[in-house]
Amino acid sequence: MAGGDSSLSMKNWFRRTLQGVTPKSAEGVPLSEDQLRRIFMEHDKNGDGSLNKEELQAAFRALGSRAPAWRADDAIYNNDFDLDGVLNKYEIVHLLSYTLQCHYVLG
Ligand SMILES: [Ca+2]
Ligand SMILES: [Ca+2]
């Protein structure tokens, strides 16, 4: 195989490459928890340290969500433990692991 047959090794390269391709790796690198936290806190527009539905919606839109309003509702539903309608800094910790499961990638 180590000879000068470049067309054969090219064919093998293609076959290996196609087998290794998954949709996720083709889209990009998954966002880390730190990157997600930074994006969410950038959307704390009124600076109270909590994320309301409007701020969550803007953050999910920035993350590339196709349904940011639905996602904001779902995030509050799943992470608003004291039921005040906004996510405080403790609930945002849970929001981050929730969001990591959505597999947003760098866009
Ligand atoms: Ca806020
Ligand atoms: Ca709350």
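L83 is an exposed residue, with 6 other C-beta atoms within 10 Å. That is a handy place to start looking at this predicted model. The protein has 6 helices and 0 strands, and buried residues make up 20% of its 107 residues.

**L83 and its loop**

- To find L83, look in the loop between α5 and α6.
- L83 has a positive phi of about 55°, although it is not a glycine.
- Most residues other than glycine have a negative phi.
- Why does L83 count as exposed? It has 6 other C-beta atoms within 10 Å, and the cut-off for an exposed residue is 12 or fewer.

**The overall plan**

- If you follow the chain from the N terminus, the elements run α-α-α-α-α-α.
- Among the contacts in the protein with a separation of 6 or more, 46% are between residues 24 or more positions apart.

**Helix α5**

- How far apart are the end C-alpha atoms of α5? They are 16 Å apart, which agrees with the 16 Å that its 12 residues should span at 1.5 Å a residue.
- The buried residues of α5 are R71, A72, A75, I76 and N79.
- Seen down the axis of α5, these buried residues fall within an arc of 135°, so they line one face of the helix.
- An α-helix has 3.6 residues a turn, so residues three or four places apart point the same way.
- On the face of α5 turned away from its buried side, you will find the exposed residues W70 and Y77.
- Which helices do the buried residues of α5 pack against? They pack against α4 and α6.

**The nonpolar core**

- The largest nonpolar core has 15 residues, and F40 and L56 are those with the most contacts inside it.
- Two or more residues of this core come from each of α3 (33–42), α4 (53–62), α5 (68–79) and α6 (89–100).
- Leaving aside residues up to four places away in sequence, F40 touches L51, A59, I92 and L95.
- In soluble globular proteins, nonpolar side chains tend to be buried together.

**What the record says**

- An unreviewed UniProt entry lists residues 31–66 as "domain: EF-hand".
- In the model, the chain over residues 31–66 is 56% helix and 0% strand.
- The end C-alpha atoms of this stretch, residues 31–66, are 17 Å apart.

Technical notes
Residues are numbered from 1 along each chain as its sequence is written. Chains are lettered from A and ligands numbered from 1 in the order in which they are written. This is a predicted model: local features need pLDDT of at least 70, side-chain atom pairs count only at pLDDT 80 or more; totals for chains, interfaces and linings use all residues. A nonpolar core is a set of buried Ala, Val, Leu, Ile, Met, Phe, Trp, Tyr and Cys residues joined through C-beta atoms within 7 Å. Helices (H or I, at least four residues) and strands (E, at least two) are DSSP runs, numbered from the N terminus. Two residues are in contact if their C-beta atoms, placed from the backbone, lie within 7 Å. The expected span of a helix is 1.5 Å times one less than its number of residues. The arc is that of the directions from the helix axis to the C-beta atoms. UniProt positions are given in the numbering used here, feature names are shortened, and annotations may be inferred rather than shown by experiment.
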